[in-house]
Amino acid sequence: MNDLVNIPCFCEAENMPGVLGTQLHKALGIRTEYRHWFKRVCDKLELREGRDYTTLVKNVRCGDNVLMPGKKIDHLFTVTAAKEICHPHKTPICGMLRRQ
């Protein structure tokens, strides 16, 4: 059980409970691009915005803190939705979804 991955269940930037989609995507070792994976998993599990996740739009800054014109899209899943996403992957991280 030493290979468990700890995924925080609180998004400090948004001051909300939940699991960031990009962190979950990385922890599951998904090879598909995040935006494609997100759409596929929402369609398959019938996840809905406002109920199962919140969309976060963030400004992007480069190394010298200059604001870039693009925006980064992430999603804050509820803990329940994150567990549902983890289940078919049969990975031990589902058990590690906990509040810090």
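## Exercises: side-chain pairs

D52 is buried at 12% relative accessibility (buried is under 20% relative accessible area, exposed over 50%, partly exposed in between, with a 1.4 Å probe and protein chains only). Keep in mind that this is a predicted model, where local features need pLDDT of at least 70, side-chain atom pairs count only at pLDDT 80 or more, and totals for chains, interfaces and linings use all residues. Residues are numbered from 1 along each chain as its sequence is written, and side-chain values use heavy atoms, leaving out hydrogens and water.

**Exercise 1.** Find the salt-bridge partner of D52.

*Solution.* Start with the cut-off: a side-chain nitrogen of Lys or Arg within 4 Å of a carboxyl oxygen of Asp or Glu. Now check the surface: R51 is exposed at 52%, while D52 counts as buried.

**Exercise 2.** Work out how K39 and D43 sit relative to each other in helix α2.

*Solution.* Their side chains meet in a salt bridge, 2.9 Å from N to O. The two are four residues apart, so about one helical turn separates them. Helices here are DSSP runs (H or I, at least four residues; strands are E, at least two), numbered from the N terminus. K39 is exposed at 53%; D43 is partly exposed at 48%.

**Exercise 3.** Classify the aromatic pair of F38 and F77.

*Solution.* Rings of Phe, Tyr and Trp (its six-membered ring) pair if their centres lie within 6.5 Å; planes under 30 degrees apart are stacked, over 60 edge-to-face, the rest tilted. With 5.9 Å between centres and 45° between planes, this pair is tilted.
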